[in-house]
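User: I would like to learn how to read a model like this one, feature by feature. Could we start with the overall make-up and then go into the details?

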Amino acid sequence: MPAKTSEKTDIADEDLEPVADETANSARRVVAAYAIDADECRMLLAMLGIAPGEA
């Protein structure tokens, strides 16, 4: 396993681009299928930035 580095890898909000609607919908379906419960599903979607209703 490669050694961990202390380099900062944060990405600024302005460097992020929204994903296509089709990609976001596919990701939502995958998360919903594998999440243990609704709370975990909401948490994972929020972490990915694709929570329902976000545009």
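Analyst: Let us begin with the secondary structure: in this predicted model, the protein chain has 2 helices and 0 strands.

User: How should I describe the way α1 and α2 pack, in terms of angle, distance and handedness?

Analyst: One gives the angle between the helix directions, the separation of the axes and the hand of the crossing. Here helix α1, residues 21-34, and helix α2, residues 38-48, pack at an angle of about 145° with their axes 9 Å apart, and the crossing of α1 and α2 is right-handed.

User: Which residues meet where α1 and α2 are in contact?

Analyst: From α1 come Arg28, Val31, Ala32 and Tyr34, and these meet Glu40, Cys41, Leu44, Leu45 and Leu48 in α2. Sorted by class, the contact of α1 with α2 has 7 nonpolar and 2 charged residues, with no polar ones.

User: Taking alanine 32 as an example, is this residue buried, partly exposed or exposed, and how far is alanine 32 from leucine 45 in sequence and in space?

Analyst: Alanine 32 belongs to helix α1, and because its relative accessible area is 45%, alanine 32 is classed as partly exposed. Alanine 32 and leucine 45 are 13 residues apart in sequence, and their C-alpha atoms are 8.8 Å apart in space.

User: What does the side chain of aspartate 37 reach at the start of α2?

Analyst: Here one looks for side-chain atoms that approach backbone nitrogens. Aspartate 37 sits in the loop between α1 and α2, and at the start of α2 one of its side-chain oxygens comes to within 3.3 Å of the backbone nitrogen of aspartate 39. A polar atom of the aspartate 37 side chain also lies 2.8 Å from the backbone nitrogen of glutamate 40.

User: Why does aspartate 37 count as partly exposed?

Analyst: The class follows from the relative accessibility: aspartate 37 counts as partly exposed because its value is 41%, and partly exposed covers the range between buried, under 20%, and exposed, over 50%.

Terms used: Residues numbered from 1 in each chain as written. Predicted model: local features only at pLDDT ≥ 70, side-chain atom pairs only at ≥ 80, totals over all residues. Heavy atoms only, no water. Axes fitted to C-alpha atoms, helices over the stretch in contact; angles between N-to-C directions. Helix = DSSP H or I, 4+ residues; strand = E, 2+ residues; numbered from the N terminus. Left-handed = near helix turned anticlockwise from the far one by under 90°. Contact = heavy atoms within 4.5 Å. Nonpolar A, V, L, I, M, F, W, Y, C, P; charged D, E, K, R; others polar. Polar contact = N/O pair within 3.5 Å; in protein donor to acceptor, adjacent residues only side chain to side chain. Buried < 20%, exposed > 50% of the residue type's maximum accessible area, 1.4 Å probe, protein only.
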